[in-house]
Amino acid sequence: MSHQPVAVVGIGQTHHKKRRGDVSIAGLVREAAVRALEDANMDWGDIDAVVLGKAPDLFEGVMKPEMYLADALGAVNKPMFRVHTAGSVGGSTGIVGSHLVGSGRHKRVLSLAFEKQSEGNAQFALGGGKSGSIGAGGAFAPFIRAYIRRSGAPEDIGWRVAVKDRLNGAKNPYAHLKLADITIDKVRESPMMWDPLHFLESCPSSDGACAVIFTDEDGGKAASKPPAWVLATAMKSEPSTFAGRDPVSPQAAHDCSDEIYKAIGVTNPREQIDCAELYVPFSWYEPMWLEAHDIAAPGEGWKMTERGDTALDGSFPVNMSGGVLSSNPIGASGLLRFSEAALQVRGQAGEHQVGGAKLAIAQAYGANAQFFAMWAVGSSLDPLG
Amino acid sequence: MPDVVHESVFNLQFPFTRTLGSTLSTFFSALAQGQIIGVRTGGRVIAPPLEYDPDTAADSGTDYVKVGPKGTVSAWTWVPEPTHLHTIKNPFAFAFITLDGADTAMIHLVDAGSESAMKPGMRVEATFKPVDERVGRIDDILAFVPAADPAPSAGAGESWDAPAEPEISTQDSYCDLVYVDNTSASTLLWMESLLAGKLVGQKCPVCSRTFVGPRGMCCVDAIELDETNVVDVPDRGVITNFTVITPVQYPGQLETEPFARCSILLDGTDAVMAQQSILDIPADQVRVGMHVAAVWVPEAERDVSEIGNRGWGSGGDCISGWRHTGQPDEPEENYLERMM
């Protein structure tokens with residue numbers, strides 16, 4: 001794919017909360033967008049096109065919100081795009097925005113993703129409006145049960161991830177959950193929600209938005225703050241169910257990271273990549289994605305968690321921001337992962353900064369663990385050079 | 001046997017809650033007091049106010065002004081036959097009305113008696129619901145009616161002192177949506193088989209995978225499957241995986257106690273039915289490897305009206321669940337790869 005270099009020069013997010021009762025949907029997305037514009041030292045008029053992503057419209061009951069939000073996001077007389085790829089949508093929204101610059105079509109593009117979960121009910125929406133919704137936890141719990149059985153991982157791995165991500169979240173001023181006093185015991189003793197997942201191993205339900213501004217090589221080099229360079233992007237999908245499909249380690253997940261690694265010349269992701277933001281809405285997905293993205297060998301991902309490798313001060317930090325386990329405005333969750341990877345290589349991640357991060361990956365997944373989006377970002381165009 | 005339906009009708013209902021944000025909270029709180037307001041921004045007055053300038057996306061600020069209650073119609077469309085969803089029952093117009101003191105038009109109803117009474121430039125005046133019936137919603141204004149006196153509204157354009165904490169900050173938005181699915185040929189095959197008390201699938205001639213219920217396609221080989229690909233499958237199988245769900249309460253949720261949902265590999269096939277319920281044993285005693293058999297609803301009571309084109313494998317109201325057969329369990333290890 002011949003692409004011009006793309007730089008991330010602006011990142012903004014809202015304070016994520018269970019209910020942002022102080023803002024409308026328009027106010028919520030504008031809060032993130034204004035922060036991104038300020039970060040990029042730009043104004044609304046500098047943006048050439050807007051890309052909007054969110055999860056199913058039934059979550060808020062606002063159909064086609066991209067139309068309602070076009071003027072709130074400064075898209076009057078400009079191209080406005082809507083992206084929807086289930087839970088991976090935040091990642092896809094970032095990727096689409098980056099392609100609009102990389103293809104040479106636009107010079108400055110705003111990608112924005114949001115969810116205002118408090119206006120509706122995700123369990124209702126995921127259950128198609130009927131009783132007995134299993135929700136995302138009910139859909140993924142069997143995959144997690146299978147992973148535990150296959151790998152022989154001890155039961156405390158999930159609890160460790162839950163604690164680690166919340167301690168990271170406590171360092172993130174924008175995180176919804178700030179559980180600085182969380183312990184393994186508290187996770188274990190929290191109610192069982194979707195056996196084998198406890199309440200504290202599950203993501204919260206959040207209102208929030210995230211915005212990213214992309215520009216070209218000249219714009220990136222002229223930016224007032226260090227840019228993050230988008231080194232590679234990939235999206236993969238596969239059917240939801242068929243006999244023989246492996247939803248624990250989906251082929252699409254492997255293909256997605258394979259494409260990224262190949263594009264940037266990574267042959268040993270565990271050593272060459274400095275940190276990763278992976279979509280972990282339920283604790284056990286940390287070791288599952290470490291394996292599905294070939295960062296750990298099959299059956300070995302949980303050992304990285306157990307050794308503390310994935311902690312903020314570990315050898316391969318994962319979910320430095322606190323991850324989906326600390327904030328889950330669903331549609332925005334993928335873009336928050338992508339943004340955190342960019343913040344890390346820009347050196348702008350504050351208390352959750354990984355020292356000297358030059359190459360980071362971010363991933364989001366969705367639906368029946370069947371849609372994947374991933375990017376790699378670097379502090380330079382050749383961070384491995 | 002009940003007739004198989006060829007359309008599935010669904011009714012989606014949910015009480016969504018809008019948070020209004022500062023600007024719209026101020027507008028609706030004033031409206032409940034019988035005062036329409038706009039906001040002065042970018043050298044003009046926008047009414048109703050927006051929290052941003054729609055031309056530039058700049059923040060529109062808090063310079064609120066009184067507008068109306070009279071205004072001038074610029075364009076309209078006549079609604080000769082109002083439905084139950086309209087707030088007034090007699091024929092009316094939806095019109096662009098530029099309120100006195102405003103530079104932009106708002107859309108509202110004009111109750112003018114007949115279409116011939118509608119004229120560009122006509123002067124109209126807001127009629128409000130009684131104070132105790134107002135809730136801070138746009139239909140607190142019942143409608144606009146031809147103004148008795150076309151003279152400008154008194155006080156229009158004057159500043160409006162907005163309270164720091166507007167009284168109304170949320171709005172109920174009740175969704176009541178009826179939609180019709182044209183039932184697909186493969187869904188009809190499934191409905192007919194369920195009503196007859198048997199399970200069927202479609203077997204792909206290329207990869208030999210069986211899909212239960214029929215989908216009309218093989219998603220691996222991307223080919224169409226039809227009635228010639230239908231195969232009977234047994235209503236017995238083995239649990240390959242499960243979860244026990246603690247129900248989250250939401251409007252329309254009927255479950256109150258934890259319930260199990262299982263994946264069941266049908267005997268002698270490669271087909272797994274997901275999200276099946278298990279009868280007669282506590283949720284915490286469900287095991288991988290258990291032999292189970294479908295429990296059919298009595299023939300006269302079977303109902304397929306809740307089955308849609310995308311609910312692959314849903315037993316509708318024909319299978320009440322699955323029951324342990326009493327056979328010894330199969331080894332759990334045999335099913336680690338068979339969630340699907």
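Author: The model is predicted. Chain B is divided into two domains, domain 1 covering residues 21-168 and domain 2 covering residues 180-334. Between the C-alpha centres of domain 1 and domain 2 of chain B there is a separation of 54 Å.

Helix α1 of chain B comprises residues 21-32, twelve in number, and spans 16 Å from its first C-alpha to its last, close to the 16 Å expected at 1.5 Å a residue. Because eleven of its twelve residues are buried, α1(B) is largely enclosed by the rest of the structure. A residue is termed buried here if 20 or more other C-beta atoms lie within 10 Å of its own. Among the buried residues of α1(B) are Gly21(B), Leu24(B), Phe27(B), Phe28(B) and Leu31(B); Thr23(B), Ser25(B), Thr26(B) and Ser29(B) are also buried. The cover over these buried residues includes elements of both chains: α1 (25-40) of chain A on the one hand, and β1 (7-19), β2, β4 and β10 (170-182) of chain B on the other. After α1(B) comes Gly34(B), which has a positive phi, near 90 degrees.

Two of the covering strands, β2(B) and β4(B), belong to an open sheet of three strands. The order in this sheet is β3-β2-β4 (chain B), and the pairing is antiparallel. Its edge strands are β3 (44-46) and β4 (64-67) of chain B, each of which pairs on one side only. On average, neighbouring strands of the sheet are turned by 45 degrees against each other, direction ignored. Strand β2 of chain B, residues 36-41, is joined to β4(B) by four bridges in the antiparallel sense. Within β4(B), Lys66(B) stands opposite Ile37(B). In general, strands of a sheet pair through backbone hydrogen bonds, either parallel or antiparallel.

Domain 2 may be considered next. An open sheet of three strands has the order β12-β11-β15 (chain B), and its pairing is antiparallel. The edges are formed by β12 (210-211) and β15 (230-233) of chain B, each pairing on one side only. Strand β11 of chain B, residues 199-203, runs antiparallel to β15(B) and is joined to β15(B) by four bridges. Gln202(B) has Val230(B) in β15(B) as its bridge partner. Helix α2 of chain B, residues 185-195, lies across β11 and β15 of chain B and runs at about 150 degrees to β11(B).

In an unreviewed entry, UniProt lists residues 64-129 and 231-297 of chain B for "domain: ChsH2 C-terminal OB-fold". Residues 64-129 of chain B are 0% helix and 52% strand, with end C-alpha atoms 23 Å apart. Residues 231-297 of chain B are 0% helix and 48% strand, and their end C-alpha atoms lie 22 Å apart.

It remains to describe the neighbouring chain. Contact between the chains involves 46 residues of chain A and 47 residues of chain B. On the side of chain A that touches chain B, the elements giving two or more residues are α1, α4 (122-126), α5 (135-151) and β5 (192-194) of chain A. The most is given by α5(A), with nine residues.

Terms used. Residues numbered from 1 in each chain as written. Chains lettered and ligands numbered in written order. Predicted model: local features only at pLDDT ≥ 70, side-chain atom pairs only at ≥ 80, totals over all residues. Pairing = 2+ DSSP bridges. Axes fitted to C-alpha atoms, helices over the stretch in contact; angles between N-to-C directions. Domains from an automatic or database assignment. Expected span 1.5 Å × (residues − 1). Contact = placed C-beta atoms within 7 Å. UniProt positions renumbered as here; feature names shortened; annotations may be inferred.
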